[in-house]
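Trainee: Could we go through the salt bridges of this model together, setting each value against its definition?

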Amino acid sequence: MMAIIITAFERSPDGGKGLARDTRVRWALQEVGQPYAVRPVSFPAMKEPAHLALHPFGQIPTYEEGELALFETGAIVFHIAERHAGLLPDNSDARARAITWMFAALSTMEPPILELVTAKILEGDKPWTRERLPLVMDRIRSRLQQLSARLGDADWLDGAFSAGDLIMVSVLLRLRPSGLLDEFPSLAAYVARGEARPAYKRAFDAQLAFNTGKPPTR
Ligand SMILES: N[C@@H](CCC(=O)N[C@@H](CS)C(=O)NCC(=O)O)C(=O)O
């Protein structure tokens, strides 16, 4: 097995709250029990040719394993889940459904959530923000409503915990500071279940230690 190297922010802008997307890759690797190394990348270095060769959009995380270099967390987590047991069911229909949830998380849930980040942080000082924010929040609410209806009182989206849940929880937990997640108690509990997984805790602690320079406590 080739050594796995991922990239992460040299210093994450969130200071180690686990919102940078290397956390979901670390989580997937922890779930399947694969060791990995982390190469820190500064913001300027992310836009330099050496990093652009790995990531065409100059972002983190990336994933290297021997000759293989990947970017996009969906593709990275999918690759990890395909190579190692623990994140995708063996049954082919159940597997296809778990993969569907990965796509749903990234292409249906994440875009309006990112819009909120843009509206609040990047465009927070624009004159239209006060009018725009409620619209963005309502678009998210509508997706959360639909997701919570589908989840019902199940623990996970489709049977056992899968890569679909890993990505969905990773996407949803960004909403916590907005208060929107708590409007949907079953989704808040779903996210908390994800965060309670030992593999998530190890991943979170590792990124926290990386960002604060303090060794992990677990
Ligand atoms: N769709 C990409 C998004 C990657 C992304 O937005 N990365 C952020 C960190 S979480 C980043 O590198 N931001 C710095 C930048 O875009 O300059 C993925 O899921 O990997």
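**Salt bridges and burial**

Mentor: The count comes to 15 salt bridges, where a salt bridge is a side-chain nitrogen of Lys or Arg within 4 Å of a carboxyl oxygen of Asp or Glu. This is a predicted model, in which local features need pLDDT of at least 70 and side-chain atom pairs count only at pLDDT 80 or more, while totals for chains, interfaces and linings use all residues. Residues are numbered from 1 along each chain as its sequence is written, and side-chain values use heavy atoms, with hydrogens and water left out.

Trainee: What makes Glu65 and Arg83 a salt bridge?

Mentor: Their closest N and O atoms are 3.8 Å apart, and because the definition asks for within 4 Å, the pair qualifies. Glu65 lies in strand E3 and Arg83 in helix H4 (residues 73–83), so the pair ties together parts that are 18 residues apart in sequence; helices (H or I, at least four residues) and strands (E, at least two) are DSSP runs, numbered from the N terminus.

Trainee: Why is Glu65 called buried, and why is Arg83 called exposed?

Mentor: Buried means under 20% relative accessible area, exposed over 50%, and partly exposed in between (1.4 Å probe, protein chains only). Glu65 has 8% relative accessibility and is therefore buried, whereas Arg83, at 53%, is exposed.

Trainee: How do you know that Glu123 is partly exposed?

Mentor: Its relative accessible area is 22%, so Glu123 falls in the partly exposed class. Glu123 forms a salt bridge with Arg132, with the closest N and O atoms 2.8 Å apart, and salt bridges that share partners join Glu115, Glu123, Arg132 and Arg139 into one network.
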